[in-house]
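Have a look at the model below first.

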Amino acid sequence: MSKVENFLTSEEEQEIVAAIGKAEKNTSGEIRVHIEKETSASAIERAVEVFQMLNMENTRERNGVIIYVAVKSKQFAIYGDKGINEKVSDDFWNCTKDVMAGHFQNGDFKQGLIDGILNAGEQLKKHFPYLDSDTDELSNEISRG
Ligand code: CA
Ligand code: CA
């Protein structure tokens, strides 16, 4: 399970993309998933880098969220843009991380990502409700390093 290509089947990947679409029906926030093999930096530092690399600050409310996974390093992190951080406390993502970590420890990466994504959508909804004028500002496709 150390190869990024084998981390998720294409069916699993499509289920994850569908979960992002579903989560984004709850909130104006935009969620992306990035998966790569390993990171020499901490997961959160790398999440910030990837967030910038993917131009995820390109949202009207600055409410993009990246779920970053380094497969071989067995690390993950969640990072939200400044629009979110201005409104929430530092422990905002702890609940989402706990949900994910539980599944990851059991080796169920697909379910960890799906439940994490749906949980993030519920969390974001409190501060960034879905708007009728919503557009898909950031792609729901999984990004790979
Ligand atoms: Ca949207
Ligand atoms: Ca999106």
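What spacing do the donors of the calcium ion (ligand 1) follow along the chain? They run as E-x103-D-T. Before going on: this is a predicted model, where local features need pLDDT of at least 70, side-chain atom pairs count only at pLDDT 80 or more, and totals for chains, interfaces and linings use all residues. Residues are numbered from 1 along each chain as its sequence is written, chains are lettered from A and ligands numbered from 1 in the order in which they are written, and side-chain values use heavy atoms, with hydrogens and water left out.

**The metal site**

Donors here are N, O and S atoms within 2.8 Å of the metal (3.2 Å for Na, K and Ca); water is not among the atoms, so sites may look incomplete. Ligand 1, a calcium ion, is held at 2.1 to 2.8 Å by Glu30 (OE), Asp134 (OD), Asp134 (OD) and Thr135 (O). Glu30 also coordinates the calcium ion (ligand 2), 5.4 Å from the calcium ion (ligand 1).

**Two residues compared**

Buried means under 20% relative accessible area, exposed over 50%, and partly exposed in between (1.4 Å probe, protein chains only).

| Residue | Relative accessible area | Class |
|---|---|---|
| Asp134 | 24% | partly exposed |
| Ile66 | 0% | buried |

Ile66 sits in strand β2 (strands are DSSP runs of E, at least two residues, numbered from the N terminus). Its contacts (heavy atoms within 4.5 Å), leaving out residues up to four places away in sequence, include Val50, Phe51, Leu54 and Tyr79. The C-alpha atoms of Ile66 and Val33 are 5.8 Å apart, though 33 residues separate them along the chain.

Notes
Helix = DSSP H or I, 4+ residues; strand = E, 2+ residues; numbered from the N terminus.
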